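Biologist: I am new to this one. Could you show it to me and let me ask how you know what you say about it?

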Amino acid sequence: TKLRRFFGKHLYSLYLPMGIIYGYIEIYANSINKKTPWLNSGDIKNKKTSDTIFIMGSGRSINNYSEKQWKDIVNSDSLGFNFWLLHEFIPSYYMYELPRDKKMKEDFLYNLEHVEEEYRNTLIFLKEGNNGKKNSRVIPTNIFKQTKVLFNPTIPIIEVSQLERALKFIQKTINKKDNRKIVVFNKRASLFSAVLFSYLCGYKNIVLCGVDLNNTSYFYEENAKEIINRGLRVPNTGQRGNIHKTDNSEYGEVTISELLKGLDNVILRPNNIMLYTGSKESALYDWLPYYWEE
């Protein structure tokens, strides 16, 4: 780790491309003899119905959405990720990664299997970073048949000052059309990949719902009884303290807020794509416009 940090800090012009090449090699190595198909541009083309996409996070603010807000969400495309499957609303796309904790993974796979029927018309894809297709073998059989795998290399960043340079570099890569798969880079949180995915799909408006970050409460904590009555398991959030781990600098080189600001400045706004927050309760409301502002 010390060697990696030294090399990344003092020789970043080499560390960046070499880190991405290493990520590609690792993904392909971890995908040998795994039959799960990659997510490709054709899969997305068949699902896209609007210019606006709502990204559905698990923050508690989602419980405060009005009937009008839900109507707008229903009438547009949407992407849920990870624990969103506990919510009754079924999104257009569903992206997930498997928890590392054994008990959380068991509960997650149990829930995934039990929402199979509800998600039969949803485009489902697994996001496993440099693990590629490696972990797809543990997916329940019926869900496995519906699942694609996201080609999801990690961006090599050692410190925040490298973010703009790294994003400009990967933009050249992700803008190259590939009929076999799309490349959606990964860093720190699923939300980062979700926003990049939305950009690659050609959405003009990206709205972040249930992305609070300034607290560690999830929507399903308030609705635990209803979720259990639906036959699902309510997991532990895995969060501690007052700030979401992905926005806490103690847990990584760059926070999700810093990543989103970089995406907005380097990739989204220059391409006339608007990023919004769906809640004034979110930490992102300090700098992102509120989508439902009258």
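This is a predicted model: local features need pLDDT of at least 70, side-chain atom pairs count only at pLDDT 80 or more; totals for chains, interfaces and linings use all residues.

Biologist: Why is the pair of tyrosine 94 and tyrosine 119 called edge-to-face?

Modeller: Their ring centres are 5.4 Å apart, and rings pair if their centres lie within 6.5 Å. The planes meet at 70°, and over 60 degrees counts as edge-to-face. The pair is therefore edge-to-face.

Biologist: What makes this pair tie together separate parts of the sequence?

Modeller: Tyrosine 94 is in strand 3 (residues 93-96), whereas tyrosine 119 is in the loop between helix 5 (102-114) and strand 4 (123-126), so the pair links parts that are 25 residues apart in sequence.

Biologist: How do you know whether tyrosine 94 and tyrosine 119 are buried or exposed?

Modeller: Buried means under 20% relative accessible area. Tyrosine 94 has 1% relative accessibility, so it counts as buried. Tyrosine 119, at 2%, counts as buried too. Another edge-to-face pair is phenylalanine 219 with tyrosine 220, at 5.6 Å centre to centre and 80° between the planes. Phenylalanine 219 and tyrosine 220 are both buried.

Biologist: What makes you say that a charge sits over the ring of tyrosine 203?

Modeller: The charged end of lysine 48 sits over that ring, 5.0 Å from its centre, and the distance cut-off is within 6 Å. In the same way, the charged end of lysine 181 sits over the ring of phenylalanine 151, 5.1 Å from its centre.

Biologist: Why is helix 8 described as mostly covered?

Modeller: Helix 8 (residues 190-200) has 10 of its 11 residues buried. Among them are Leu191, Phe192, Val195 and Tyr199. Just after helix 8 comes glycine 202, with a positive phi of about 90°.

Biologist: Which residues have the most contacts inside the largest nonpolar core?

Modeller: That core has 58 residues, and those with the most contacts inside it are Phe185, Val195, Leu196, Phe197 and Leu208. Valine 195 touches Ile55, Ile206, Leu208, Leu260, Leu263, Leu268 and Leu275, leaving out residues up to four places away in sequence. There is also a second, separate core of 34 residues, which includes Leu86, Tyr94, Ile139 and Trp292.

Biologist: What makes strand 6 largely enclosed?

Modeller: Five of the five residues of strand 6 (residues 205-209) are buried, so the rest of the structure largely encloses it. In a regular strand, side chains alternate between the two faces of the sheet. On one side of strand 6 are Asn205, Val207 and Cys209, on the other Ile206 and Leu208, and all are buried.

Biologist: Which strands pair with strand 6?

Modeller: Strand 1 (residues 52-56) pairs with strand 6 in the parallel sense over five bridges, and methionine 56 stands opposite cysteine 209. Strand 7 (residues 274-277) also runs parallel to strand 6, joined by four bridges. There, isoleucine 206 stands opposite leucine 275.

Notes: Residues are numbered from 1 along each chain as its sequence is written. Side-chain values use heavy atoms; hydrogens and water are left out. Rings of Phe, Tyr and Trp (its six-membered ring) pair if their centres lie within 6.5 Å; planes under 30 degrees apart count as stacked, over 60 as edge-to-face and the rest as tilted. Helices (H or I, at least four residues) and strands (E, at least two) are DSSP runs, numbered from the N terminus. Buried means under 20% relative accessible area, exposed over 50%, partly exposed in between (1.4 Å probe, protein chains only). A charge sits over a ring if NZ of Lys or CZ of Arg is within 6 Å of the ring centre and within 35 degrees of the ring normal. A nonpolar core is a set of buried Ala, Val, Leu, Ile, Met, Phe, Trp, Tyr and Cys residues joined through side-chain atoms within 4.5 Å. Contact means heavy atoms within 4.5 Å. Two strands pair if DSSP finds at least two bridges between them.
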